Each structure stands twice: as C-alpha cells, then as structure tokens.
Amino acid sequence: MRTHRWLVPTLYIVFLMLPIYWLLNMSFKTTNEILGTFSLWPLDFTLDNYRKIFTDPTWYNGYLNSITYVVMNTVISVSVALPAAYAFSRYRFLGDKHLFFWLLTNRMAPPAVFALPFFQLYSAIGLFDTHIAVALAHCLFNIPLAVWILEGFMSAVPKELDETAYLDGYSFWRFFVKIFIPTVAAGIGVAAFFCFMYSWVELLLAKTLTSVAAKPIAATMTRTASTAGYELGLLAAAGTLTLVPGAFVIYFVRNYIAKGFALGRV
Amino acid sequence: MGIELRRVTKQLGSETHIYETNLVLESGEFNVLLGTTLSGKTTLMRLMAGLERPSSGEVWHNGENVTGLPVQKRNVAMVYQAFVNYPNFTVFDNIASPLRVARVQADEVRRRVEGIAELLKLTPILERLPNELSGGQQQRTALARALVKDAALVLLDEPLANLDYKLREELRDELPKLFQDTGATVVYATSEPLEALMLGGYTATLEQGRVVEYGPTVRLYRSPGSLASARVFSDPPINTAQVEKRGPIFFLTESVHWTAPAGFRDLADGHYTIGVRPHHLTIGGIDQGVVKVRARVLVAEISGSESIVHADVEGNLWVSESHGIHPFEVGDIAELFLHVGRCLYFDNDGSLIGHQADTASRDRPH
C-alpha cells in the first residue's frame with residue numbers, strides 16, 4: 001500500500017492535465033495532421049499557428065480587446081466595491097443585511113437574461129461595440145462578488161484599528177488609503193482575481209454587445225470556419241493563449257486565495 | 001481639571017449602557033475603572049475618548065466642553081485589550097505614526113521614537129512588522145504609540161488581560177512609572193481588584209453601568225462607602241450577613257456575638273449588615289479581636305500557599321482565605337476566626353457606617 005501512495009494523485013493530475021496537454025499538442029500541429037493522424041505529440045512541429053495569431057490584426061486585436069475590457073472591469077469593480085464593502089463591514093443601517101443578500105442574488109440570474117436589455121440600452125445611447133460597454137455589463141455580476149469577498153476580509157480586521165488611527169489623528173481617507181487598503185491587500189487581490197477571471201471567460205454578453213471594434217478573442221475563435229474549412233491548429237493555438245492570462249493572475253494571488261477560502265468567502 | 005463627565009448617559013436602542021454619571025477624574029493621576037465585564041468600563045472610556053457620543057450629558061476636558069469634538073482633534077491615546085497595531089507598518093513606523101500625522105520634523109520623530117523604544121525595550125525590533133512579534137512586544141508597541149504623542153488623556157482598556165502571567169506582572173510594574181512624569185491623565189480599566197490595588201492612584205468602582213464610588217484606591221479598598229462598592233472591590237467576593245445590635249453587643253446568632261468595637265457603641269439598636277473580607281475569616285491565626293465560628297465545609301481548595309474554604313457559617317455561604325495549607329474534606333466542621341474588629345459595618349440601605357481605623361491601618365491587602 002505504502003509504495004503506491006503516489007498512484008492516485010498522479011492519475012488525478014494526468015486526467016486533469018490531459019485536455020490541456022491535448023490543446024497544446026494540437027496547437028503545434030498542422031490542421032492536416034490533426035485531421036489525418038492520431039499522434040501523442042506533434043510529428044510535424046510548427047509554430048505557424050502562433051505566428052498567424054501574432055501577426056494578423058483580426059486575431060491579436062481580439063486579445064487586446066478582451067484584455068482592455070477585462071482590466072477596465074476589474075478596476076471599476078474593485079474600486080466601487082471597496083467603499084461598499086467597508087460600509088457593510090463597519091456600519092449598521094436600515095436593511096443592511098437585506099441589501100447585502102440582494103447584491104448576491106444578482107449573481108443568480110443567467111447573463112442571457114440581461115443580454116437583450118443591455119443590447120437595446122447601449123445601442124440607444126451609442127455605447128454599442130465599445131470596451132466600456134462590456135466592462136460595465138460585467139460589473140453587474142462582478143461588483144456584488146467583489147463586495148462579498150472584500151466584506152469578509154474587512155470584517156476580519158478589528159474595528160479598533162480604525163479607531164486607533166482616528167485617535168492618532170488620521171482623517172478617514174488618509175486612514176483608508178494608507179492603512180486600511182494595505183491591511184486588506186490580500187482581499188483586494190482575491191477580489192480582483194475573481195473579477196478578472198469572470199470577465200475573461202464570460203462570452204455571451206461580450207459577444208452580444210460588440211461587433212468589430214471591441215470584439216473579444218472568444219468571439220473571434222468561434223468564427224474560424226474559413227473558406228479553407230476549420231483551422232483546428234489555429235484554434236488550438238488561440239485557445240492556449242487564452243489560458244495564459246488566467247495562469248498569470250492565479251500565480252500572483254495563489255497565497256491569498258487560500259486565505260480567502262479560510263474566510264469562507266471564495 | 002482632567003476629564004469630567006457631567007450627567008452623562010449612554011443608551012443603545014432600548015438598552016442602557018451607562019446610567020446618569022457624574023465623574024471628575026484627577027488629572028495627571030492613574031485612575032482605575034474597576035468593575036466586572038459589562039459593568040460599563042469600556043463604554044465609559046469610549047465616551048471619554050469621543051469614540052462614542054453620550055446620549056445625554058457633556059464631556060469636559062481641561063475646562064473645555066469636548067462633547068461633540070471629533071477624536072482627531074482631541075489629544076487622546078488609547079490601548080486596547082486586543083493588540084492593535086498597523087499591520088503594514090514596522091514597529092518604528094507604528095510608533096512614529098501619530099507624530100507624522102501631526103507633521104513633526106523627521107529628526108525629531110526619530111529622536112522621540114528611539115527614546116520611547118529604549119524605555120519600552122523595543123529598540124532591537126524597530127524594523128520588524130507587528131505580526132512577527134510576540135503578544136507582549138505587540139502590546140509594548142501599542143503602548144509606545146500611546147506614549148509618544150504626549151496625549152493629555154491616555155485610556156488603557158484592560159491592556160494586560162491578553163498577556164501571560166509573567167509579562168503581565170512585568171508590564172504592570174512598569175506602567176505607572178511610564179506615565180508618572182508625562183503629566184497625562186491615565187484611565188485604566190480592569191476587572192481585577194488586585195490589579196487596581198497594585199496600580200494605586202485613584203479608583204472608580206463600577207456596577208452595571210453606574211459609577212458606585214470614586215476615590216483614592218487604598219481608601220476605597222479599606223473603607224468602601226457602600227456595600228456595592230465593597231462587593232466590586234473584593235476578590236474572592238466579600239462575605240455579608242445580617243447582624244443585630246442589642247445594647248453594646250452585636251449578634252450574628254444568639255450564640256455568636258461580640259462586643260461592639262469602639263466607635264460603634266453609640267449606634268442605635270437594630271439590624272445591620274456586616275461585610276467580612278475572606279482574609280478576615282481565617283483558619284487559626286491571631287486570637288485577639290476574633291470570634292470563633294463553626295463552619296461546615298462545602299468546597300476546599302488550595303492555591304499555592306493559600307487555602308480557600310467555602311463554608312456554611314450559621315446559614316451564610318461564606319468564603320474564608322487563610323495562609324498555609326489546611327486540607328479539609330467536604331462536610332468537615334471547621335472552626336474559623338471571624339476578625340470582627342476588621343469587619344465593615346453597613347446600615348440597611350448599604351452605606352458604610354464606619355470601621356475601626358486603627359486596625360484597618362495594619363490591614364494589608366493579601
């Protein structure tokens with residue numbers, strides 16, 4: 001028994017990594033090889049798929065568009081959620097608990113429900129096909145999430161910290177920026193991560209609210225049926241690149257996420 | 001002048017936390033607020049600091065009405081039971097923070113922080129972050145921050161309660177010395193009568209949101225003005241019983257009685273209440289000025305060199321505290337010495353009639 005302890009985790013990791021490996025594997029193959037033969041590694045290794053993505057503006061603009069609205073959304077969500085979460089964690093006011101719960105219920109509706117109203121509204125006021133349109137639409141889901149996560153982290157900071165700062169002569173804003181925000185930095189990291197990830201993988205709203213100028217990468221990927229048929233290798237390369245930002249962000253917040261789980265807020 | 005509460009009350013919803021309180025604390029002195037949990041110590045401090053507004057009444061500080069003044073504008077420092085420091089600042093920056101907010105010159109900040117750090121033995125850890133420190137060091141940092149700004153009012157809310165025994169003793173000895181020369185009015189909340197006695201200065205006894213009595217600590221301990229005050233200021237709890245005075249004799253029961261001590265002879269006949277501190281009800285001891293009572297042992301415990309016996313004494317549940325080890329079994333009959341000369345005598349509404357001053361002066365607490 002003892003000598004086979006490594007077996008289960010190894011199997012688990014193999015199963016987990018298999019689709020990712022297969023995606024990576026495909027991205028270095030030509031479409032002909034993907035369709036014609038079964039091979040565990042690229043027999044005809046090529047970087048053409050990646051080269052195409054990095055040189056063709058319709059491809060790399062997809063990434064730039066996505067990153068633009070995702071970053072916008074993350075910044076807006078976290079900066080709006082910070083004071084809101086502070087209020088929820090520090091003050092008692094009429095209906096505070098109901099309001100807090102109501103925020104969460106926003107996340108219970110499928111995004112599709114909001115696609116039509118957003119589309120009509122944005123078309124009417126000229127926001128259609130802009131980055132900010134998608135960023136604002138995603139706020140509907142991300143702000144409640146960020147408030148929820150940050151409130152947990154902020155409530156873990158004793159109220160006496162605020163009071164000590166006031167007694168020391170700090171004004172509210174000076175305390176908030178110089179002491180409180182660094183104290184809940186882990187929470188901000190976790191909240192930003194989740195906003196980033198949600199906005200990055202959300203497809204429906206992003207697709208509905210854009211056409212050309214702000215078209216996200218995920219939308220570009222679904223339109224790869226060209227005259228030459230399906231370009232599977234290219235699609236795989238695009239998919240691989242889509243994983244990269246998420247992997248980056250998760251690497252930076254990996255320690256904080258464990259803390260978030262411990263607080264029961266992630 | 002110091003800090004003064006004028007007809008201050010504090011209500012939260014339908015709950016009254018502080019009943020109407022008038023209190024003038026001696027300035028430049030060590031003032032102890034003594035009371036059990038929920039007696040209102042912390043609320044009183046928060047009212048003094050301005051962290052909470054009184055529901056009615058006024059707070060005056062050095063002859064100035066500061067009732068509505070924001071905390072930032074008052075020269076107040078506070079140390080909490082939980083160790084509160086800015087987690088993202090080093091110890092040095094923590095101590096320096098009130099000075100920096102007040103825009104003190106950088107070299108002056110350095111000089112003052114280093115001086116305080118030396119005093120509180122923080123010099124070797126000035127560059128560390130609070131989370132890397134032991135509880136004692138964290139609380140020293142908080143104390144240093146309170147000291148460095150030369151606040152006129154320093155509030156210490158059970159600052160030693162979360163420390164282990166050794167550190168507590170050590171810091172308790174240092175505390176009064178630290179504030180001695182600052183001229184600050186120090187308010188120290190504690191639930192331990194012994195701590196109040198060790199810190200000295202002045203004490204206010206608190207019970208359920210009311211200040212029962214305020215005065216010099218030792219005076220308050222020796223002759224508490226009321227039974228309520230004596231109850232707060234006694235650990236283990238003070239023993240009480242009804243006695244009847246007939247002529248020159250006090251009767252606990254028909255068989256247990258004693259001659260009224262000097263000063264009580266002219267008291268009108270009738271019923272009174274006596275308060276007997278546990279160490280005035282002993283197993284053996286001096287034979288003078290005592291009455292022997294028979295007691296049935298209910299619980300006997302030995303803590304170090306002290307024996308504490310809970311016993312039924314003529315129908316009263318009393319606690320006795322004596323030096324030395326006296327093993328008893330539950331149900332044993334013990335003979336206890338009741339030091340009648342050191343009893344506190346209260347009339348029926350609970351206010352002190354008097355006690356024997358000459359014996360009291362020899363009376364060392366514990």
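B:Met78 has B:Leu155 as its bridge partner in strand β7 of chain B. This pairing belongs to a predicted model in which 14 residues of chain A are in contact with 17 residues of chain B. Chain A has 13 helices and two strands, whereas chain B has nine helices and 21 strands. The largest nonpolar core has 136 residues, and B:Leu155 is one of the residues with the most contacts inside it.

**Strands β6 and β7 of chain B**

- Strand β6 of chain B covers residues 76-79, and strand β7 of chain B covers residues 153-157.
- The two strands run parallel and are joined by four bridges.
- From β6(B), B:Val76 and B:Met78 point one way, while B:Ala77 and B:Val79 point the other way.
- All four of these residues, B:Val76, B:Ala77, B:Met78 and B:Val79, are buried.
- In a regular strand, side chains alternate between the two faces of the sheet.

**Nonpolar cores**

- Within the core of 136 residues, those with the most contacts are A:Ala146, A:Leu150, A:Ala191, B:Met48, B:Val154 and B:Leu155.
- The element that gives the most to this core is helix α7 of chain A (residues 131-155), with 14 residues.
- Both domain 1 (3-230) and domain 2 (239-362) of chain B give residues to the core, so it lies between them.
- A:Ala191 touches A:Val78, A:Ala81, A:Ala146, A:Ile149 and A:Leu150, leaving aside residues up to four places away in sequence.
- There is also a second, separate core of 10 residues, which includes A:Met26, A:Trp59, A:Ile217 and A:Ala236.
- In soluble globular proteins, nonpolar side chains tend to be buried together.

**The two domains of chain B**

- Chain B is divided into domain 1, residues 3-230, and domain 2, residues 239-362.
- The centres of domain 1 and domain 2 of chain B, taken over C-alpha atoms, are 37 Å apart.
- Eight residues from domain 1 of chain B and 10 residues from domain 2 of chain B take part in the contact between them.
- On the domain 1 side of this contact, helix α8 of chain B (residues 227-232) gives the most, with three residues.
- That side of domain 1 of chain B consists of four nonpolar residues, three polar residues and one charged residue.

**B:Ser229**

- B:Ser229 is in helix α8 of chain B.
- With 27 other C-beta atoms within 10 Å, B:Ser229 counts as buried, because the cut-off for a buried residue is 20 or more.
- Leaving aside residues up to four places away in sequence, B:Ser229 touches B:Thr205, B:Val212, B:Glu213, B:Leu220 and B:Pro224.
- B:Ser229 and B:Leu352 are 123 residues apart in sequence, and their C-alpha atoms are 9.9 Å apart in space.

- On the side of chain A that touches chain B, the elements giving two or more residues are α8 (159-167) and α9 (172-183) of chain A.
- Of the elements on this side, α8(A) gives the most, with six residues.
- The residues on this side of chain A divide into seven nonpolar, four polar and three charged.

**Helix α9 of chain A**

- The buried residues of α9(A) are A:Phe175, A:Ile179 and A:Phe180.
- They cover an arc of only 90° around the axis, which puts them on the same side of α9(A).
- A:Trp173 and A:Val177 are exposed on the other side of α9(A).
- Helix α8 of chain A is included in what covers the buried residues of α9(A).
- An α-helix has 3.6 residues a turn, so residues three or four places apart point the same way.

**Chain totals**

- Chain A has 266 residues, of which 33% count as buried.
- Along the principal axes, the C-alpha atoms of chain A fill a box of roughly 75 × 65 × 30 Å.
- Of the contacts in chain A between residues at least 6 apart in sequence, 81% join residues at least 24 apart.
- Chain B has 366 residues, of which 41% count as buried.
- The C-alpha trace of chain B spans about 75 × 45 × 40 Å along its principal axes.
- Of the contacts in chain B with a separation of 6 or more, 66% are between residues 24 or more positions apart.

Methods: Residues are numbered from 1 along each chain as its sequence is written. Chains are lettered from A and ligands numbered from 1 in the order in which they are written. This is a predicted model: local features need pLDDT of at least 70, side-chain atom pairs count only at pLDDT 80 or more; totals for chains, interfaces and linings use all residues. Domain bounds come from an automatic or database domain assignment. Two residues are in contact if their C-beta atoms, placed from the backbone, lie within 7 Å. Ala, Val, Leu, Ile, Met, Phe, Trp, Tyr, Cys and Pro count as nonpolar, Asp, Glu, Lys and Arg as charged, and the others, Gly among them, as polar. A nonpolar core is a set of buried Ala, Val, Leu, Ile, Met, Phe, Trp, Tyr and Cys residues joined through C-beta atoms within 7 Å. A residue is buried if 20 or more other C-beta atoms lie within 10 Å of its own, exposed if 12 or fewer, and partly exposed in between; C-beta atoms are placed from the backbone. The arc is that of the directions from the helix axis to the C-beta atoms. Two strands pair if DSSP finds at least two bridges between them.
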